[in-house]
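Look at the model first, then read on.

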Amino acid sequence: MDVSELLDPLNDPQREAVAAPPGNQLVLAGAGSGKTRVLVHRIAWLMQVEGASPYSIMAVTFTNKAAREMRGRIEELLGVNTFGMWVGTFHGLAHRLLRAHWQEAKLPQNFQILDSDDQLRLIKRVQNELGLDDKKWSPRETQWWIGAQKDEGIRPQYIQLTGDPWLQTMVRIYSAYEDACQRAGVVDFGELLLRAHELLLNNDSILAHYRRRFPFILVDEFQDTNTIQYAWLRLLAGDECAITAVGDDDQSIYGWRGAKIENIQHFEADLKDVQTVRLEQNYRSTSTILNAANAVIAHNSGRLGKELWTEGDKGEPISLYSAYNEQDEARFIVERIQDWVRDGNRRDSIAILYRSNAQSRVLEEGLLREQVPYRIYGGQRFYERMEIKNALSYMRLITNRHDDTSFERVVNTPTRGIGARTVDTVRQFAREHGCSMWDAAAKMLQQKVLAARAGNALANFLSLIDALDEESTDKTLDHIAELAIEQTGLIDFHGKEKGEKGQTRVENLQELVSACRGFDGLPTVDADGEAVDEEEIPLINQFLDSAALDAGEGQADEFEDAVQLMTLHSAKGLEFPLVFMAGVEENLFPHKMSAQEPGRMEEERRLCYVGITRAMQKLYITYAESRRLFGSETYNKPSRFVSEIPVEYIHEVRLKTEVSKPLFQPNSYGKDWGKLGGGVGQFSDPAPEFDDDLPPLALGGRVDHAKFGEGTVVQFEGSGPRARVQVNFDDAGAKWLVVSMAKLQPL
Ligand code: ATP
Ligand code: MG
């Protein structure tokens, strides 16, 4: 193909980066300026012009989905296969190294990945074994702390013990947890990175091999690499490799998970002859959206400083909606989505972004009610659903009996008469004998130390797994999955759960079988330059790994045209014509934790910048005046970020009825209120209708409320089912209530 096809769709600085002679490069630029595009074209250029083989290229992306897209784009550009190229996330690539060199990494061949949910269970268990009380030693905090150590590349034996008893205990847990993982043959996410780093560090020949193999490494979203990732990258690259790193300091949003913005500065200092390229033209968003984003991020200090401009149209203003509560917010969003789709747009051109996963439930309900297909990224992930984890645990036990976490999960699921007491004694025995729970159970049965009933039940469980294993030999993966859900009684067990839940669980289990049917292995793992026969790693292990690594991204209905729901964090790097940012309220976004830790507020603001810059044509920002979340009702102010957007870019769609007293006649609020909404409402909401079912309330009238007691009506707002009233309660103070729900009794 003609080289000009690689360069034509680029502007000058992009072209400069893509066509530069091989060497270290740093592309530092704001959102939507084409960094990822440069990366893709650079790879194509290296292959096409510099004659690089795909085998010699490694590209690190932010998600597995991004990796797939990158491959697709390169193949499209060059019309060649990218087979042999390593493209993936840090975790995915580290995992690949460990699989290829499990012996040198001191892992069992069939090691498995521990997801964070299972990690938490294991930590809990380890703590209990050490006699530590969960209430005093929150397993979640321990999990976080251990993760932070691993992100920094710190093993327990290297932690300097001061006299601090807290630290001593943490180190003790960390050590015991490491032993437990090693015994069970499992590695958590942080361990993947740490071990892959140690693998290269401690094995000269392996390091030399990969250094020879990869003269080109390219990294997207570089601003979010943590210490261990950067160390791994540097080690792997050595002095000969050319690294292209692209990133944006304003989009660094993983500081809370150990990412180091400073790596950008280190990069320039640590590497030889770094060519730094800045891109300043944004191709993604309307000028309104871009200017709003620029204005918000300008409130941060200590930025590397970048200008971003666009030739794009002004476009529509950003719509701001103040909802009464989270239900109203969801309703508003769903209606706007329906309008958009009615105008002939696809649903997958729409994203709803939120700060916290818990927000998705109400949004989902709203979409379900109107039958709008949607897909969630990173929420409750398919592979993290309870029934799926149960099925996967059976599959794990088939390949690795020593996986204690799986053992504990399914030993009595479905219920088969093995009580918690029995499981406790097995665990105890395992601990005393330093063996897995499986071995402990087998030995205890041999020694007949269990009561007859429990013993029989346990023996049946062990033979069930052995039988499944035997039956699985030479079977296809989907067949094994079928065995694991049917012969174990799992599908019947979940099917019996009441109502829709049971039905959904059964469907999910069936979906697992289809996922297995469609699975054709992870990319070929190669060691020491030669392609290893894929057969060497059983497909089932490859599948279990991909389920752990890919969780949530490769969802079943990937091809259906659906609205995308995700957290702001997982939206990084993506773009959508229509974007909703929901729940833009103080305490939720910025998250309330951010007020306590220095630097976190700026990180929240960067997250806001990421959110705004996902939008191409139209952005809606919504917040709710009252919100039921995490089980309690909160009243938050609109986020400070909203006020940081200049008003000229905003259009407020709130139905605002400026209430002034004379408009209300005592005891006749009903009809007047209806008229009032219609007449004074300033914005384009549908004309309000009066709801005859509502009790007759009057401004200044007295009312009684079941929970808050008696009070005086002081203000009205809105109309119809969304009509609200402010009541000054004698004891509980002033509150806004939705009339149709508050069940107020006029006195
Ligand atoms: P982010 O910081 O969000 O990851 P980015 O800098 O990686 O953004 P891209 O996703 O590569 O930006 O590009 C943003 C959009 O602009 C894409 O739709 C891309 O195709 C388009 N684009 C990039 N460069 C050009 C160009 N020179 N001409 C036209 N469109 C471009
Ligand atoms: Mg990008």
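Buried means under 20% relative accessible area, exposed over 50%, partly exposed in between (1.4 Å probe, protein chains only). Cys516 has a relative accessible area of 2%, so Cys516 is buried. Cys181 is buried too, at 7% relative accessibility. The structure holds 0 disulfides (pairs of cysteine sulfur atoms within 2.5 Å).

This is a predicted model: local features need pLDDT of at least 70, side-chain atom pairs count only at pLDDT 80 or more, and totals for chains, interfaces and linings use all residues. Residues are numbered from 1 along each chain as its sequence is written, chains are lettered from A and ligands numbered from 1 in the order in which they are written, and side-chain values use heavy atoms, with hydrogens and water left out.

A cavity is a set of points on a 1 Å grid over the protein atoms alone where a 1.4 Å probe fits but cannot get out; lining residues have an atom within 4 Å of a point. Grid points are joined across faces, edges and corners, and a volume is the space filled by probe spheres set on the points. The structure holds 7 cavities of 30 Å³ or more.

| Cavity | Volume |
|---|---|
| Largest cavity | About 140 Å³ |
| Second largest cavity | About 100 Å³ |

The largest cavity is lined by 15 residues; Asp115, Tyr383, Lys389, Leu392 and Arg396 are the closest to its centre. The second largest cavity has 13 lining residues, with Arg125, Glu129, Arg183, Asp404 and Cys435 nearest its centre. Domain 2 (112-184) and domain 4 (383-518) both give residues to this second lining, so the second largest cavity lies between them. The domain bounds come from an automatic or database domain assignment.

Definitions and conventions:
1 Å grid on protein atoms, 1.4 Å probe; cavity = no way out; pocket = protein on both sides within 12 Å on 5 of 7 lines; lining within 4 Å.
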